[in-house]
Amino acid sequence: MTRAASELLEQLTKDDRLAKFAVSETGFLFDPQTGQSFTLNSTGLITLTQLKRGDDVADVAMHLSERFRVSQETALSSIEAFLVQLGRYL
């Protein structure tokens, strides 16, 4: 995983901020710390839901790989891109 994605995930976990994100079943994300809200696509929703419950990135990539029938490398790349994009707005 890229350094930027790893650092963001580490910071979100360390601050317990990830656990505080409110995420609906339809992909609506609310960050109570900033008051910002976002709409997630299905990949982002699965990724964030699994990360919030404590799954590691490898497990999330495996799930995405199976669910969307892509390679684990593609799934991992999608997770990294999602985290980097999320980090730009937090």
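## First stop: a charged pair

Select D55: this residue is partly exposed, with a relative accessible area of 22%. The value is computed from a predicted model, as is everything else on this tour. R53 counts as exposed, at 58% relative accessibility. Side chains of opposite charge can pair when their charged atoms come close.

How many salt bridges does a search of the whole structure find? The search finds three. The other two come up at later stops.

## Helix α1

Select residues 3-14, which make up helix α1. The helix has twelve residues and reaches 16 Å from its first C-alpha to its last, close to the 16 Å expected at 1.5 Å a residue.

Colour A5, L8, L9 and L12, the buried residues of α1. Look down the helix axis: these buried residues fall within an arc of 95°, so they line one face of α1. An α-helix has 3.6 residues a turn, so residues three or four places apart point the same way.

What do the buried residues of α1 pack against? Show α2, α3 (42-52), α4 and α5 (72-89), and you have their packing partners. Then turn to the face of α1 directed away from its buried side, where the exposed residues R3, E10 and K14 sit.

Because E7 and R3 are four residues apart in helix α1, about one helical turn separates them. R3 counts as exposed, at 66% relative accessibility, while E7 is partly exposed, with a relative accessible area of 42%.

Before leaving the helix, click on D16. This residue follows α1 and has a positive phi, near 65°.

## The sheet

Next, show the three strands as a cartoon. They form an open sheet in the order β1-β2-β3, with antiparallel pairing. The edge strands are β1 and β3, each of which pairs on one side only. Strands of a sheet pair through backbone hydrogen bonds, either parallel or antiparallel.

Begin at β1 (residues 22-23) and select A22, which is found in this strand. A22 is partly exposed, with a relative accessible area of 38%. Leaving out residues up to four places away in sequence, A22 touches F28, L29 and F30. If you want a distance across the model, draw a line from A22 to E66: the two are 44 residues apart in sequence, and their C-alpha atoms are 26 Å apart in space.

β1 and β2 pair in the antiparallel sense over two bridges. Select V23 to see that this residue stands opposite L29 in β2. The two strands form a hairpin with four residues between them, and in the turn G27 has a positive phi of about 100°.

Move to strand β2 (residues 28-31) and compare its two faces. Which residues are on the covered face, and which on the uncovered one? L29 and D31 are on the covered face, F28 and F30 on the uncovered one.

From β2, follow the pairing to strand β3 (residues 36-39): four bridges join these strands, which run antiparallel.

D31 lies in strand β2 and R17 in helix α2 (residues 17-20), so the pair ties together parts that are 14 residues apart in sequence. Are these two residues buried or exposed? Both D31 and R17 are buried.

## Last stop: S65

Finish at S65, which is placed in helix α4 (residues 57-68). With a relative accessible area of 13%, S65 is buried. Select what lies around this residue: apart from neighbours within four places in sequence, S65 is in contact with V70, S71, Q72 and A75.

Key. Residues are numbered from 1 along each chain as its sequence is written. This is a predicted model: local features need pLDDT of at least 70, side-chain atom pairs count only at pLDDT 80 or more; totals for chains, interfaces and linings use all residues. Side-chain values use heavy atoms; hydrogens and water are left out. Buried means under 20% relative accessible area, exposed over 50%, partly exposed in between (1.4 Å probe, protein chains only). Contact means heavy atoms within 4.5 Å. Two strands pair if DSSP finds at least two bridges between them. A salt bridge is a side-chain nitrogen of Lys or Arg within 4 Å of a carboxyl oxygen of Asp or Glu. The expected span of a helix is 1.5 Å times one less than its number of residues. The arc is that of the directions from the helix axis to the C-beta atoms.
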